[in-house]
Amino acid sequence: MKKGVQLAKRLYPSLSTILNLNASTHSLLSSSPWWSASQHRGVKVNAIHLRPGNVIEKSGRVYQIVESEHKQRGRGGALMQVELRDVDNGNKVSLRFGPEEPVERVFVEEKSFTCLYTEKNTAFLIEPETFDQLQVPLDLFGKSAAYLKEEMKVTLQLYDGRPLTASVPKRVTCTIKETQTPMKGVSATPRYKKALLGNGVTVQVPPYLDTGEEIIISTEDDSYLGRAN
């Protein structure tokens with residue numbers, strides 16, 4: 001936690017004069033005023049419009065959609081096969097809906113944080129307006145967790161103050177740690193070659209790029225977008 005406090009004070013110089021950050025009062029986000037605020041219920045939508053990440057209420061339970069697939073049953077008509085995660089206990093369930101069946105969608109809050117650092121399987125974040133600190137599992141970021149680094153702006157999706165998912169910027173700057181060298185005797189120049197980034201992610205890059213160069217990567221599909229300025 002000392003590391004987080006030091007970095008927080010460097011990112012926000014006025015922090016020490018605004019409040020006294022310490023582990024007992026700011027490591028738990030539950031102490032912040034907006035943490036316990038109730039979310040407003042959403043509106044009824046047809047099941048065919050449900051998408052991964054949406055939050056719905058069904059039979060008194062609140063679920064986040066993991067997968068949603070439209071299936072045709074021949075003469076039986078179509079249906080929506082939906083994989084859900086119970087927000088309260090994390091259990092996964094599978095439900096079927098008719099495409100036009102009304103489902104109550106719950107709205108979630110999106111809130112911006114700054115990444116202080118990561119340690120083991122945890123990301124340590126700070127809310128830039130209130131200076132509240134929050135610890136969240138790296139799993140919330142999915143495969144994009146590999147791109148997390150100090151001072152990165154991230155977004156959390158919250159329901160009743162509980163983090164459901166987290167995301168990093170769609171474009172990030174990375175450094176090439178290792179890359180393939182041209183093979184002798186091969187006349188044709190390959191269109192792309194493998195490159196290992198400093199964060200451990202392997203991507204495809206143009207053959208003219210070399211070790212140590214900074215490049216821009218799409219965090220959505222790990223694709224090369226161009227050289228960094």
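**Loops, pairs and charges**

Trainee: Where is Asp-132 found?
Mentor: Asp-132 sits in the loop between strand E8 (122–126) and strand E9 (133–137). Keep in mind that this is a predicted model.

Trainee: Which side chain of opposite charge is nearest to Asp-132, and how far away?
Mentor: That is Lys-111, at 8.1 Å. Asp-132 is buried and has no salt bridge. A salt bridge needs the nitrogen and the carboxyl oxygen within 4 Å.

Trainee: What does the side chain of Asp-132 make a polar contact with?
Mentor: The side chain of Thr-130, at 2.9 Å.

Trainee: Is Phe-131 buried or exposed?
Mentor: Buried, because its relative accessibility is 7% and the cut-off is under 20%.

Trainee: What about Ser-59, what phi does that one have?
Mentor: A positive phi of about 55 degrees, and Ser-59 is not a glycine either. The residue belongs to the loop between E2 and strand E3 (61–72). Ser-59 has a relative accessible area of 70%, so it counts as exposed.

Trainee: Changing topic. How many salt bridges does the structure hold?
Mentor: There are 7 salt bridges. One of them pairs Glu-101 with Lys-58, with the closest N and O atoms 3.9 Å apart. That pair links distant parts of the chain: Glu-101 is in the loop between strand E5 (92–97) and E6, Lys-58 is in strand E2 (residues 55–58), and they are 43 residues apart.

Trainee: How accessible are Glu-101 and Lys-58?
Mentor: Glu-101 is at 28% relative accessibility and Lys-58 has a relative accessible area of 30%. Glu-101 therefore counts as partly exposed, and so does Lys-58.

Trainee: Which side chain meets Lys-143 in a salt bridge?
Mentor: That of Asp-222, at 3.9 Å, N to O. This pair also links distant parts of the chain, 79 residues apart: Lys-143 is in the loop between E9 and E10, and Asp-222 is in the loop between strand E15 (214–218) and strand E16 (223–227). Lys-143 is exposed, with a relative accessible area of 52%, whereas Asp-222 is partly exposed at 24%.

Trainee: And Arg-227, which side chain does that one meet?
Mentor: Glu-213, at 2.8 Å, N to O. Arg-227 is in strand E16 and Glu-213 is in the loop between strand E14 (202–205) and E15, 14 residues apart. Arg-227 is partly exposed, with a relative accessible area of 43%.

Trainee: On to rings. How many aromatic pairs does the count come to?
Mentor: The count is 1 aromatic pair. The rings are those of Tyr-117 and Phe-124, with centres 4.5 Å apart and planes at 10 degrees, so the pair is stacked. Tyr-117 and Phe-124 are both buried.

Trainee: And how many disulfides?
Mentor: The count there is 0 disulfides. As for cysteines, Cys-115 is buried with a relative accessible area of 0%, and Cys-174 also counts as buried at 9%.

Trainee: Back to loops. Where is Val-108 found?
Mentor: In the loop between strand E6 (102–106) and strand E7 (109–119). Its relative accessibility is 31%, so Val-108 counts as partly exposed.

Trainee: How far apart in space are Asp-160 and Glu-109?
Mentor: 8.3 Å, C-alpha to C-alpha, for a separation of 51 residues in sequence. Asp-160 lies in the loop between strand E10 (153–159) and strand E11 (162–167), and at 26% relative accessibility it counts as partly exposed.

Trainee: Last one. How many helices and strands does the protein chain have?
Mentor: It has 3 helices and 16 strands. Of its 229 residues, 38% count as buried. Among contacts with a separation of 6 or more, 50% come from residues 24 or more positions apart.

Notes:
Residues numbered from 1 in each chain as written. Predicted model: local features only at pLDDT ≥ 70, side-chain atom pairs only at ≥ 80, totals over all residues. Heavy atoms only, no water. Disulfide = S-S within 2.5 Å. Buried < 20%, exposed > 50% of the residue type's maximum accessible area, 1.4 Å probe, protein only. Helix = DSSP H or I, 4+ residues; strand = E, 2+ residues; numbered from the N terminus. Lys, Arg positive; Asp, Glu negative; His and termini not counted. Polar contact = N/O pair within 3.5 Å; in protein donor to acceptor, adjacent residues only side chain to side chain. Phe/Tyr/Trp six-rings, centres within 6.5 Å; stacked < 30°, edge-to-face > 60°. Contact = heavy atoms within 4.5 Å.
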